[in-house]
Amino acid sequence: MKQTKSLPTCPACKLESSKIIGKHREYKLLGCSKCGLRYCDPMKEPDQNFYQNSYLYKHRSKELETTATTDDGKILRNWRFKTTLEDMQNRFSTSVVKDVLDIGCGEGSFLYAASKRGFKVSGVDIDPRAINIAKQLFRLKDVKVANLSDLPTTKRYKVITLFETLEHTQDPSSLVRKVFTLLENDSYFYISVPSFERKPRLFDPEADFPPHHLTLWTKKSLRILLEKAGFKKISILEKPLSGEDLQLHLIWWVKRQLGGKEVAAVLTKSESKGVSLKVVGKRLIGLLSLIIFEILAFIIRLSGVSRGQTYLVLASKEK
């Protein structure tokens, strides 16, 4: 009799307590009955080519001219950044040396905002275009292209941040244990991830499924993961549903239908001198849709059926 291949253990709780809950492309989607984590089989990260060619990231080649900004107010519209920076400022006095490492730093806007508040910042990201933007636009010095396996081994940090990165990694347990070793005593780890428990469940089949997102997290699975790595005093905040959440998933859906083309590029073909119709059209469409989605999000929140779209986790490493 042919032996059935056993399912991989849960990456969070390490138990053989999972079952198949779906399929996407060549991946099995698994759900852990112990901690609620959704993960996939195989658990394999894509290479740099995936991120450089995906419609989700093609905008980075034009980021300097279009959406990236050094405006502190606009940066702090990002709920994760604003909440994290406020907490960091409350925890540290101005006399404390505050080394911050942002893993998966992207274009560097969080590090830029942190540096303006007196933190000594550094960052790594897999995408060379993102690091180029961090250096050119935000004038960040200590940022570099690196895989998670290339993290520093000797330096220790007071704060490490991991925004929207854990769900992309094939071995989240090893990454979190690595972060624990890189932190000083009495230091802090901030993680943000998309919530598997979000309501409404806005799951774009390309953005929220493998190979892009290998895992989707619950509060229970996050606590178990961090406790197993040695972290203490774990707090988890939920991001309220906003119009931007709804808008983002629509943008992902439309881009996928258009094969990665910009929405405004399809609607506005010609350009005038100075400001292109493409840019104007894109901004106008974005503004009008955001107003509509903010109203819709407000109605959903009032109905009481919404639940946090993103989790922001704070964990401490103590002596």
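Visitor: What makes Phe189 a residue that touches Ile160 and Leu226?

Guide: Contact means heavy atoms within 4.5 Å. By that rule Phe189 touches Ile160, Leu162, Val176, Val179, Leu183, Leu226, Phe231, Val313, Leu314 and Ala315, not counting residues up to four places away in sequence. The model is predicted, so local features need pLDDT of at least 70 and side-chain atom pairs count only at pLDDT 80 or more, while totals for chains, interfaces and linings use all residues. Residues are numbered from 1 along each chain as its sequence is written, and side-chain values use heavy atoms, with hydrogens and water left out.

Visitor: Why is Gly22 called partly exposed?

Guide: Buried means under 20% relative accessible area, exposed over 50%, and partly exposed in between (1.4 Å probe, protein chains only). Gly22 has a relative accessible area of 24% and is therefore partly exposed. Gly22 touches Lys28 and Leu29, not counting residues up to four places away in sequence.

Visitor: How do you know that helix 3 and helix 4 are roughly parallel?

Guide: Helix 3 (residues 79-91) and helix 4 (residues 109-116) pack at an angle of about 30°. Angles under 35 degrees count as roughly parallel, over 145 as roughly antiparallel, 65 to 115 as roughly perpendicular and the rest as oblique. The two helices are therefore roughly parallel to each other. Their axes, lines fitted to C-alpha atoms over the stretch in contact, with angles from 0 to 180 degrees between N-to-C directions, are 11 Å apart. Helices here are DSSP runs (H or I, at least four residues), numbered from the N terminus.

Visitor: Which residues of helix 3 meet helix 4?

Guide: Phe81, Thr84, Leu85 and Met88 meet Ser109, Phe110, Ala113 and Ala114 in helix 4.
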